[in-house]
Amino acid sequence: MIAELVVANRSRKRPRIVIMANRDKVEMEDEISAKVADLGNTRIICRSGDPTDLYDLSLVTPQSARSIVILSPEGEDGSMDDADSSVIKTILALVHDPRRRAEPYRIAAEIRDTANVEVARVVGGREAQLVLADELIGRIVVHSSRQAGLSAVYSELLDFEGCEIYTVEQQGLVGKTFGESLMAYDASTLIGIVAADGSVELNPDMSRRFVAGDRAVIIAEDDAAIQIKAPGALPDQSQMRSSSRAAAQPERVLLLGWNRRAPIIAYELSRYVEPGSVLTIAADTPTLEDDVAALSVANTNLQIFFGRTDITSRKVLEGLDIGSYDHVLVLGYSDLLAPQPTDTRTLVTLLHLRKIAETTGRRVKVVSEMVDVRNRELAEVTRADDFVVSNKLVSLMLAQASENDALTAIFDDLLDEEGSELYMRPASDYVALGVPVNFYTVTETARLRGEVAIGYHRPRPDAAANGILINPAKSATEVYSTEDRLIILARD
């Protein structure tokens, strides 16, 4: 997260990141020096102390902070005992400090257990944005399993390198419909509206008009790039295509491994699948039977089966008939093991899955959770379809929330089955292939379907950012092929 904030600070004068934790000051400084290669113009100040103690907090003068981030404390063994209690106490100390400033704080806080959300919201009020770490990861795992490549899209949206999400008032849009406003930007992408009461709606009805007090939700390279301008080109109707999607079918999903995010994944999965779908759980944890018995689902669409087994055994995995499943999800034993042993066991499972696919000649769609971002490159050799790097995504979310007071609400809407979600759809469903097409044409085709086009995915091994381009210039032309997919924000 420090590395991300350093990028965000590039254009600021004399930026500082002040850190307080129950750790030795020199130890923290040495770890940052070893793991953050370039601090740019940002100065790091470390202080040892208890963030829940009012006296210790006074040492870092939170009254002068532009934003405050509260991380969930974590022991060396990875335990999360009383982590949320510590976060809530820190919020309480900040908000109700007799010496606090009159101006509201901008607080981004990490909460692990959704059962503690209500208390945290009561304590923090409108000053605190809560990043529900496990729910965020669980939802992204489910979305990525159903749309390969989506975790990279979420990472691109949260990363300070490249394009980000901004919420800004745009007087030039007042009185215009959302559909009309989609064409008002060439170098930016309008995706939603934040109403004056703070409510967020991504991809609202195309007839929804902007009113005074609304903020536009826009993807842009930086806030200076957000400029309303006349279209630099017109949509080419001759290159627009129509397509009808096949009816959804029941799905078979295999979950290998188990951690505290598994119940969230099972529940989220049940919200999306068709009747007759099956989730099979294979893991080897001491309380698996009780954990599965306690699972809750949203409806009767999903049947759940389970078995205790060693998922690092090639023989065991071959006996599961991997090729018969539509999706395979691999979770690490992060509740029982430290990050490195957790990822090591995950890598062994992924390598076995790769060999099974090569031996049988059957395509296996695999999405895996990794704990440590440093293991991502090692995992690439397993050729899994997607990796959700949990710690990195949570860090990115907290960093962005410290900059944008509407970000958690935006992602709640984005990851909620009730609202609009991101989809990766064949470019051939929208535009002609093999000929130059500008992104105004893509935008117009999506608009006529009540959707927003935000970019495209070009799956090439040597492509930067996993071949994903968010917020392309609308006037720029591209030649799409059968392998290319458009990134679409749609209701279904």
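Reader: Which way does H6 pass H14, in a left-handed or a right-handed crossing?
Author: In this predicted model, H6 passes H14 in a right-handed crossing. The two helices pack at an angle of about 115°, and their axes are 10 Å apart.

Reader: Which residues make that contact?
Author: On the H6 side the contact is made by Ala-133, Leu-136, Ile-137 and Ile-140, while H14 contributes Ser-390, Leu-393, Val-394 and Met-397. Sorted by class, the contact of H6 with H14 has seven nonpolar residues, one polar residue and no charged ones.

Reader: And H7 against H14, how do they cross?
Author: The axes of helix H7, residues 150–158, and helix H14, residues 390–401, come within 9 Å and cross at roughly 30°. Angles under 35 degrees count as roughly parallel, and H7 and H14 are therefore roughly parallel to each other. As for handedness, H7 passes H14 in a left-handed crossing.

Reader: What touches what there?
Author: From H7 the contact involves Ser-155, Leu-157 and Leu-158, and from H14 it involves Leu-393, Leu-396, Met-397 and Gln-400. By class, this contact of H7 with H14 has five nonpolar and two polar residues, with no charged residues.

Reader: That leaves H6 with H7; what angle do they pack at?
Author: H6 and H7 pack at an angle of about 130°, with 8 Å between their axes, and that angle makes H6 oblique to H7. Ile-140, His-143 and Ser-144 of H6 meet Leu-150, Ser-151 and Tyr-154 of H7 in this contact. The classes there come to three nonpolar, three polar and no charged residues.

Reader: Which other residues line the second largest cavity, and what classes does the lining have?
Author: Besides Met-397, the second largest cavity is lined by Arg-121, Leu-130, Val-131, Leu-132, Glu-135, Leu-136, Arg-139, Thr-408, Phe-411, Asp-412 and Leu-415. By class, the lining of the second largest cavity has seven nonpolar, one polar and four charged residues.

Definitions and conventions: Residues numbered from 1 in each chain as written. Predicted model: local features only at pLDDT ≥ 70, side-chain atom pairs only at ≥ 80, totals over all residues. Heavy atoms only, no water. 1 Å grid on protein atoms, 1.4 Å probe; cavity = no way out; pocket = protein on both sides within 12 Å on 5 of 7 lines; lining within 4 Å. Nonpolar A, V, L, I, M, F, W, Y, C, P; charged D, E, K, R; others polar. Axes fitted to C-alpha atoms, helices over the stretch in contact; angles between N-to-C directions. Helix = DSSP H or I, 4+ residues; strand = E, 2+ residues; numbered from the N terminus. Parallel < 35°, antiparallel > 145°, perpendicular 65-115°, else oblique. Left-handed = near helix turned anticlockwise from the far one by under 90°. Contact = heavy atoms within 4.5 Å.
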